[in-house]
Amino acid sequence: MADREERRFAEVPRESIRLMAESAGVELSDDVAALLTEDVCYRLREATQNSSQFMRHAKRRKLTVEDFNRALRWSNVEAVCGYGAQDTLPFRPIKEGDLFFVEDREVNLVELALATNIPKGCAETMVRVQVSYLDGKGNLEPQGTVPSAVQTLSDDLLKYYQQITRSILGEDPHLMKVALLDLQSNSKIAALLPYFVYVISGVKSVSHDLEQLNRLLHMVKSLVQNPYLYLGSYVRSLVSSVMYCILEPLAASINPLNDHWTLRDYAALLLSHIFWTHGDLVSGLYHQILLSLQKVLSDPVRPLCSHYGAVVGLHALGWKAVERVLYPHLPAYWANLQAVLDDYSVSNAQVKADGHKVYGAILVAVERLLKMKALSLSVNAEGGIGGLPRPGGIMGCRESSPGLSPPPEPLSEPGLGIASHLHAGGAGCPWEDWTPVPLPAMYCELYSFFGDSLAVRFSTGPSLGNSPPAPLAQPPTTRKELPGGTANLDTARKMPQLTANLNISPRQDGSPHGEQGGGVGSAGASQSLARSSSSSSVQRSRSSSSRPGQRPSGLSRDVFPKARFNPLPAGPPIFSFVIGGRQMGRRCQGRRFQTTFTPSQPLSAVSSRTYAHKLPVIGRVGKPVRRWTCSQYSLHLPL
Amino acid sequence: MAAVQDAPVEADNEKEIKTETLNDAAGNHASAAGGVIPSPPVASTSSSGPAKAGGPGSEEQQTLMAVLQFLKKNNFVGAVDVLRREAGILEDSDESQGQELAASALGGAEAGDATCTLSRASSCTTSTPAVAAAPAKGAGEHCSTLSAAFGKRKESGEDQPDVNVVLSAYSQQGDPALYQGYYSGLKKFVESVLDCHRAELSQLFYPLFVHMYLELVYNNHETEAKAFFEKFSGDQECYYQDDLRVLSGLTKKEHMKGNETLLDFRTSKFVLRISRDSYQLLKRHLQERQNNQIWNIIQEHLYIDIFDGMPRSKSQIDSMSGSLAGEAKREANKAKVFYGLLKEPEIDVPLDDEDEEGENEEGKPKKKKPKKDSMGSKSKKQDPNAPQQNRIPLPELKDSDKLDKIMYMKEATKRIRLGPESLPSICFYTFLNAYQGLTAVDFTDDSSLIAGGFADSTVRVWSVTPKKLRSVKSAADLNLIDKESDDVLERIMDEKSASESKILYGHSGPVYGVSFSPDRNYLLSCSEDGTVRLWSLQTFTCLVGYKGHNYPVWDTQFSPYGYYFISGGHDRVARLWATDHYQPLRMFAGHLADITCTQFHPNSNYVATGSADRTVRLWDILNGNCVRIFTGHKGPIHSLAFSPNGKYLASGATDGRVLLWDIGHGLMIGELKGHTDTVYSLKFSRDGEILASGSMDNTVRLWDSIKAFDDIETDDFTAATGHIHLPENSQELLLGTYMTKSTPVIHLHFTRRNLLLAAGAYNP
């Protein structure tokens, strides 16, 4: 009732009618024109009203010229020709005078008729199926998955899809390489993206097969690197697949012979890569990732390999992430870890080995945290110098880092605004009340945990903190490349490595050796142990070799601390070693690591890296890696 | 109605209304013809004829005479003969006998030999496909049987006199300046009456407004008309906006010619239901004021259906009004409707053996059981509400049909029970690259084929199973095959023609409706070109073009038992056809605007038609009567669905609302609000627990139909008067809303296992 809005109709002005009549050669008097005008308006309205039924029955919302023509035809009026095109017609004014017209371009028919590039007909009309599964309550089942029916793809694409998936998941490494390369550069596979994403989401079903997991991750990497693909919301799906590889206690990790650590490292690297390149596609992604990592980290029930994944994940996401999530958690987590590491029982050996992995990962993460923090402080301090050259060491390190494309992590970061991400985090986020810990305090605390394992050194004296030295200018005090056993070390590597000092004690030795003056001693173990144990005739042992790390970067094999066994015919050798460090009153001794080997297996058959996890390897082992597709190293992260 | 009006004061009024009945019938006739052919002689004879004679029988006689006169005048000798003959029979039998005769004649027809006595009438006509409209009432069933025999007069030149006859009623005029006063006087009066009467009397505003406006326009008082419109159009209910828009454009007498909406107003009486108290109040007021102008309009253009009892509330009135010609008269919905289902034919067991010889031993007992379960209740005792099995002759089941029935039963045992707790999964068939415009979709009952009608005049058929579509080999090749071999049915198929989809060319305008035959051998399509075409799905060629509608045909639908089909279109007439007759068997005339959708009742004895006049009508196939008129929609109706038990009807309209109707009682029993655009498709699940609706607003919605039907309290009073209180429970009934991806939903279908299929064209 209240609808009193006036209904106005489009009206044709009298002048137009007269103009049209003139063009037809008829002169109209005023009143005739007026009458005609009114009639024309009425007829137009009538035709429009009639045409709307054609629209309704064609189940459209848009009234087309065609509808109008039909209405005209059914009322015995000639149809209007020439306006059948679907696209809108531009309606233009003329500058001189209030004249408007519809643009009507001339079409050169000859050109059209003789044209050589005959346009293809539009694609064939077809029917495509989409199923929405409802559960009992009428909720849609999650829609992220793609229906397995690939039938709607064109034949070519279908073939491509089959070839690619087959060769990536197949046996032939060469084929795989080719396929991955193509996936990385092919510009026409946008239509297949959902299917690839779907395939990748199959990580959950192959968690027993490291090789397949690896291949799927490579696929992710190729997709992410393909410049022609717009990942859109598929990023989320990819990230969840990658996160699965990082965090989940994979079925493959049940068998200690499987090197799932490498997979986790690789996945973490990939995660950071996805995040830095595509993080903007999905809002809040960073936040979510951090949350899930944190959740895993704070869950003591999770196995150590999950914790390891969380740590390397955080590490990969940058030092800010480490600072905000890992660092605050460290005291709580440390207790758990310590309990694991302190358990020398044989049954615990495996778990303990895992614990060492985690320890190593944490150590690497906090080292970089310290370094970067110090750097950022120094950068801030030298803020006056615009665009100051980055410390060469870091740059060098980044460039030489073997990753294919190290994530462009901003050093003095707010550029990309992680911080803003974090601050934007909703209520209840643990880092809401987070306040940055000053570097000295942080260092002190970390030092209390790691002691001199920390490669980054600051004076813990009271004077510290005013102007912390730029860390790179200050070479790490104790620096030692970890032994790579059979491996050569990347000569270009300049990143600080933690110092390790290895004690190999004969089994009777339960007590830790080498409390060498609290400072320098730290233990590292190397893969070579495995080898040496396999050929126990070669006895290379360097007990308590504390090499103050003034070594130049180019370390050769023989200078590495090597494990040494006392040839003990009976029983497995037991290693125990200590990482010295002041435990700030918590413990007067250094951390002690111990592990047991059972050399009874046919070790020679197994490649060295299979054993890598068995040792409390801290830092890195393995070959220097140029391609990070190679899974021979772990924990290698560009700094 | 006459029964109610017994007060002596209204003696003359009663007489008046009596004639109106006739008048109305003729009016319906004329209006049905309005857009198509004018038939004023009928209208004038019947309305000016000796209408005072009492009793329905003699009224009928009168009409018959009128029709005869009309036929003679137009030189339809054959038709006259037929009508005479029929009338001669009828003269010595009363009406019921006549009906029985008709029924028995129908029953006698053997469908086996593919003849049908329903088509008696068509045999004796030689005229062009008829567009003549049958009087829906008055002449009754006999005339509609005959209607096919009505020749069609040439249209040319007759428009004008006809319209003048129709419009001449407006020639009586008062002082144009006083119209505003009259109207506002009435308005003041209505505002002053008691609340309970106000709502009822407010119903008068709209028809009075329209007719006063038209009178002004007709008598060339353009400025007064415009002023009148300006002043009072805002008072009208918002659901009349569409009609008001048409009216507002109409300001000259010349415009009135040929305006269909106008003809509707004029030729049909606007029906109002008013309680006796309110009516007397109104009458007293008008008599006191000597307000003859309004009284005249009421007498002439309105039909006031008076009932005893409580005046209705505003919401009650609103729920029922909105149609082009007011509400349905109460007696229009009084006829008995046999809404029960037909008995399922027994299927002999030997067929099972043929079907699956392999699992003979274990298969048999298994199969028998479900049969008993599923059919026992239906077949053991006849549904009291069901029509006689042979009320309408149905085609006999072929072997292949029986096989299909068995398949159906097997599938039915695997059917999922749906309910609010277990909703169906939805499978959406999206038509991609449908640039030519998808206008209609249909699935076969077993969901193996999907057909689409397109605006580029093509019909496309897809197979949605891995089985490809194959056509039969050519005649020459068929001669070569071994006809005795067991796999002859396989051998006749041409492997080379196998493809996933076939395109059927033949129409010359957009295809607005497609429908598969239940046996999957045929496909119907109807088009803007005025034809309905029957296609063979064996050869993928057109078999018949049914010409009869001379205007766009908006919808067509196969009977659930095959053989018959219904079509309806712009000419406002729905036609019933049999596939083997090129002329319609029945014509259902009565709608005041385009017939937009058609649907067969599950027992094949009735058809429902929805129209742009915002009413749904239910027609009896046997005698062509309109047995139900449902009003309440506020926009053109675009979808209809019967519940599987045949008791209920759902209808959806452009206003986005879905209304539920109880067919037996002729009542509106539910209103489902939620859609924001035209509801183009409705479907009940196989067991009727869920109603699915698909709309232009890109959603599929699921409704709890069981609850909707149960929630209605039908005491005797509401059943008798039809004044129902609709519960406002759309939100409770809505079980789920599912968005498509920019795809209007234009068809819905439940598979035999209750998976919901939906279809539409992607519309970026």
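Guide: Contact means heavy atoms within 4.5 Å. By that criterion, 42 residues from chain A and 67 residues from chain B take part in the contact. This is a predicted model, in which local features need pLDDT of at least 70 and side-chain atom pairs count only at pLDDT 80 or more, while totals for chains, interfaces and linings use all residues. Residues are numbered from 1 along each chain as its sequence is written, chains are lettered from A in the order in which they are written, and side-chain values use heavy atoms, with hydrogens and water left out.

Visitor: What area is buried between chain A and chain B?
Guide: Buried area is the accessible area (1.4 Å probe) that two parts lose on being put together, summed over both. For chain A and chain B this is about 4,700 Å², and carbon and sulfur atoms give 51% of that area.

Visitor: Why is the pair B:K252 and A:E38 called a salt bridge?
Guide: The term requires a side-chain nitrogen of Lys or Arg within 4 Å of a carboxyl oxygen of Asp or Glu. The closest N and O atoms of B:K252 and A:E38 are 3.4 Å apart, so the pair qualifies. Across the interface of chain A and chain B, the rule finds three salt bridges.

Visitor: Which elements give two or more residues to the side of chain A that touches chain B?
Guide: They are α2 (30-57), α3 (65-74) and β3 (126-132) of chain A; helices (H or I, at least four residues) and strands (E, at least two) are DSSP runs, numbered from the N terminus. The largest share, twelve residues, comes from α2(A).

Visitor: What makes B:R312 a buried residue?
Guide: Buried means under 20% relative accessible area, exposed over 50%, and partly exposed in between (1.4 Å probe, protein chains only). B:R312 has 2% relative accessibility and therefore counts as buried. Its place is in the loop between β2 (302-307) and α18 (314-320) of chain B.

Visitor: Why do the side chains of B:R312 and B:E327 count as a polar contact?
Guide: A polar contact is a pair of N or O atoms within 3.5 Å; within protein, one must be able to donate a hydrogen and the other to accept it, and residues adjacent in sequence count only if both atoms are side-chain atoms.

Visitor: How many residues of α8(A) are buried?
Guide: In α8(A), 14 of the 16 residues are buried, and the helix is mostly covered. A:D209 caps its N-terminal end, with a side-chain oxygen 3.1 Å from the backbone nitrogen of A:E211.
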